[in-house]
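Hi everyone, thanks for coming. Let's take a few minutes with a structure together, beginning at the ligand and then moving on to salt bridges.

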Amino acid sequence: MGVIVAGLGASLPEKVLTNQDLEKMVDTSDEWITTRTGIKTRRIAREDEPSSKFAIEAAKIAIENAGMKPADIDVVIVATVTPDMMFPSTACIVSSSLGMGEIPAFDISAACSGFLYAMNIADSFIRSGKYNTALIIGVETLSKITDWEDRNTCVLFGDGAGAAVLTRSDEEGILGIEVRSDGTKGDLLYMPAGGSRMPASMETVKNRLHFIKMNGREVFKHAVTKMPAIAKEVLDKAGISVKDVSLFIPHQANQRITVSTGERLGIDPEKVYSNIERFGNTSAASIPIAWWEAYSKGMIKENDIILLAAFGGGFTWAAAVVKWRRK
Ligand code: ACO
């Protein structure tokens, strides 16, 4: 018995925000953003577009791509730090919108590593025999918690969703997953207010505490060491050589982080997927969006080995190695 990724999907807002647009909003330049991050444009949700809108669209595509119907899904897991509301969960909104009935549905919070955390849970559920088929979604509308006056963060992020259907199979598709966290570094990338520690008040709004706060240099330093280390670990445990990897899809945080991670792993740059130039950092959505894109472009063939790695707030980090099997 194994677990395979049977379907993928993604959805992005239509609205495009360019570096030139940002030049008019904060003291920055296209040149600075391009050389420091690799980002040129990002997609931004409209005011009336919550995360669930993109999650539902991505889910529909993934279920159809798997050749399934919503009724085939046994559990829905949504990874996000920008849910529609604190509660009910965005997963409950997705499952009810797709008419999935009274199946279990819940959100998880692991920032940019969220999609791989969700994959770890879904993989375990299926392997344990509890459920046959899981829908996992990484979705963010980070634009809604971005301080559009803070040039250190507002140039980095974008919105969107990606989804995958995992199901039980005679074949083995998910060859390994590792996830980690270090809560001692939580204050290097966080949103201070809006939770029980600092509920919303006039003061928190005035002090701009409902926005992402980030120590970019520290995040960068940890991302470029933790991502390659856990990717190497997951390959070693699965007994797979880095030479056998057909495609490496890292979390799209910064092009310099992507390049450095690929180099540290010794992966041919042509096998390292990047779309950060167009979409920026979409946190939990970045890996499934990139995966869907690569698949849609015909870059993934049966039996290809795909390596995924992420790093984000928490800190959290994770990696997975997947053999592409659709049957
Ligand atoms: N435009 C122009 N200047 C800027 C901008 C901007 N948008 N943002 C920062 N600067 C300035 C800084 O103020 C600083 O000026 P100073 O030297 O006068 O103080 C200077 O540029 C250099 O700042 P650094 O922080 O050293 O720049 P760095 O090369 O580290 O790049 C960046 C900053 C892009 C944020 C980088 O550290 C990074 O990508 N870190 C990873 C963070 C990340 O990706 N977070 C996303 C969430 S977590 C995740 O997904 C991994």
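**Around the ligand**

So, what sits around the ligand? There are 23 residues surrounding it, and the closest are Thr28, Arg36, Arg217, His251 and Asn254. Please keep in mind that this is a predicted model.

Thr28 places a polar side-chain atom 2.6 Å from a nitrogen atom of the ligand. Arg36 has a side-chain N or O atom 2.6 Å from an oxygen atom of the ligand. For Asn254, a side-chain N or O atom is 2.5 Å from a ligand oxygen. As for cover, the ligand on its own has 990 Å² of accessible area, and the protein covers 78% of that.

Which elements build the shell? Those giving two or more residues are α2 (30–37), α6 (151–154), α8 (216–238) and α9 (255–265). Of these, α8 gives the most, with four residues. Sorted by class, the shell has 11 nonpolar, seven polar and five charged residues.

And where is the ligand relative to the domains? Domain 1 (2–171) and domain 2 (176–323) both give residues to the shell, so the ligand lies between them.

**Salt bridges**

Now, on to the charged pairs. Searching the whole structure turns up 20 salt bridges. One of them joins Arg127 and Glu172, with the closest N and O atoms 3.1 Å apart. This pair links distant parts of the chain: Arg127 is in helix α5 (residues 114–128), while Glu172 is in the loop between β7 (159–169) and β8 (174–181), 45 residues apart. Both partners are partly exposed, Arg127 at 32% relative accessibility and Glu172 at 26%.

Next comes Glu178 with Lys237, where the closest N and O atoms are 3.4 Å apart. Glu178 belongs to strand β8 and Lys237 to helix α8, so the bridge ties together parts 59 residues apart in sequence. Are these two buried or exposed? Glu178 counts as buried, at 15% relative accessibility, whereas Lys237 is exposed, at 57%.

Glu293 is buried because its relative accessible area, 13%, is under 20%. Arg278, at 34%, counts as partly exposed.

One last thing to look for on your screens: Arg46, Asp48, Glu49 and Lys53 are linked in a network of salt bridges. Thanks, everyone!

Notes:
Residues are numbered from 1 along each chain as its sequence is written. This is a predicted model: local features need pLDDT of at least 70, side-chain atom pairs count only at pLDDT 80 or more; totals for chains, interfaces and linings use all residues. Side-chain values use heavy atoms; hydrogens and water are left out. A residue is near a molecule or strand if one of its heavy atoms lies within 4 Å of it. A polar contact is a pair of N or O atoms within 3.5 Å; within protein, one must be able to donate a hydrogen and the other to accept it, and residues adjacent in sequence count only if both atoms are side-chain atoms. Accessible areas come from the Shrake-Rupley method with a 1.4 Å probe; for residues, only the protein chains shown count as cover. Ala, Val, Leu, Ile, Met, Phe, Trp, Tyr, Cys and Pro count as nonpolar, Asp, Glu, Lys and Arg as charged, and the others, Gly among them, as polar. Domain bounds come from an automatic or database domain assignment. A salt bridge is a side-chain nitrogen of Lys or Arg within 4 Å of a carboxyl oxygen of Asp or Glu. Buried means under 20% relative accessible area, exposed over 50%, partly exposed in between (1.4 Å probe, protein chains only).
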